[in-house]
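These are my notebook entries on a single protein chain. I set down what I looked up, topic by topic.

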Amino acid sequence: MQEPMFTTLQRDSLRLTLFAAVCALVLGGIYQWTLAPIARQQERIQQQALDEIIPANEHDNPWGQAFFSVDESAWQALGSPNSRQVFVAEKNQTIIGYILPIKTQQGYSGDIEMLLGVYTDGSIAAVRVIAHKETPGLGDKIDIKRNGWINNFHLKSLQNPTESGWYVKKDNGEFDQFAGATITPRACVGAIKQGLMVFSQYQAQWQQAYLHR
């Protein structure tokens, strides 16, 4: 006797549901399994970047105890980066600089995450890109491992260059762009300038937040 159509459909539907459930469990397990290694890798990248931005010979406090979280308004002004932690460098119990997360969504291939080191006088210690999806051989020159372009910001400030200089040369500013890739450096220059402006606005507040953490 032929099996009723609705019974066949129910059986097939159940099989598909079970298959989907098994796939979801497998994918969920893989995701959870990879979370810890990814987090450890990001932590290593961040630690390396911190040590490059303000090296050990310039400060005497450990990074692991020298940070605080920014509030919502400052976080949004910094571009809503993945981290809210601002690290503080001290020498002989005196604050010498801050390392803040900044982010731009204006990259050619998506978000660009950076760490911006700023001395207390408002000048840049260094900048490091810690995450991006820019085109290999073109936009990825923002990565210190690929090119030294990011070093051009050393000791720059909101006064050096002046407002008109905080653009790439194609936009009549001071900073070089890459041949065939203007969007990426343009995004970085804008984000770094914005980071300096946020630092200028929040420096006094951040000092108090750190001292009373």
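**Entry 1: A pair between a helix and a loop**

I began with the side chain of Arg-186, which counts as partly exposed at 36% relative accessibility. I note at the outset that the model is a predicted one.

I then looked for the partner of Arg-186 and found a salt bridge with Asp-171, at 2.8 Å from N to O. The two residues are 15 places apart and link distant parts of the chain: Arg-186 belongs to helix α3 (residues 183–211), while Asp-171 lies in the loop between β5 (124–131) and α3. Asp-171 is also partly exposed, and its relative accessible area is 29%.

**Entry 2: Salt bridges elsewhere**

How many salt bridges does a search of the whole structure find? I recorded 10.

Next I examined Glu-72, which forms a salt bridge with Arg-84; their closest N and O atoms are 2.9 Å apart. Glu-72 is in helix α2 (residues 72–77) and Arg-84 is in the loop between α2 and β2 (85–91), so this pair ties together parts separated by 12 residues in sequence. I looked up the accessibility of both. Glu-72 is partly exposed, with a relative accessible area of 39%, and Arg-84 is partly exposed, with 31%.

**Entry 3: A network of charged side chains**

I then turned to a network of salt bridges that links Lys-103, Asp-111 and Glu-113. Within it, the side chains of Lys-103 and Asp-111 meet at 3.2 Å, N to O.

Asp-111, by contrast, is partly exposed, at 34%. The cut-off matters for this reading: a residue is called buried because its relative accessible area is under 20%.

I located Glu-113 in strand β4 (residues 112–119). Setting aside residues up to four places away in sequence, I listed what Glu-113 touches; among them are Pro-81, Asn-82, Ile-102, Lys-103 and Arg-128.

**Entry 4: A buried isoleucine**

Where is Ile-150 placed? I found Ile-150 in the loop between β5 and α3. Ile-150 is buried, and its relative accessible area is 2%.

I checked its contacts, leaving out neighbours within four places in sequence: Ile-150 is in contact with Val-127, Arg-128, Val-129, Ile-142 and Ile-144. I also looked up a distance to Val-189. Ile-150 and Val-189 are 39 residues apart in sequence, and their C-alpha atoms are 9.6 Å apart in space.

**Entry 5: The sheet and the helix on it**

Finally, I traced the sheet. This is an open sheet of 5 strands with antiparallel pairing, in the order β1-β2-β3-β4-β5. Strands β1 (67–69) and β5 stand at the edges with a single partner strand each, so one side of each has no neighbour in the sheet. From one strand to the next, the twist averages 20°.

Definitions and conventions: Residues are numbered from 1 along each chain as its sequence is written. This is a predicted model: local features need pLDDT of at least 70, side-chain atom pairs count only at pLDDT 80 or more; totals for chains, interfaces and linings use all residues. Side-chain values use heavy atoms; hydrogens and water are left out. A salt bridge is a side-chain nitrogen of Lys or Arg within 4 Å of a carboxyl oxygen of Asp or Glu. Helices (H or I, at least four residues) and strands (E, at least two) are DSSP runs, numbered from the N terminus. Buried means under 20% relative accessible area, exposed over 50%, partly exposed in between (1.4 Å probe, protein chains only). Contact means heavy atoms within 4.5 Å. Two strands pair if DSSP finds at least two bridges between them. Axes are lines fitted to C-alpha atoms, for helices over the stretch in contact, and angles run from 0 to 180 degrees between N-to-C directions.
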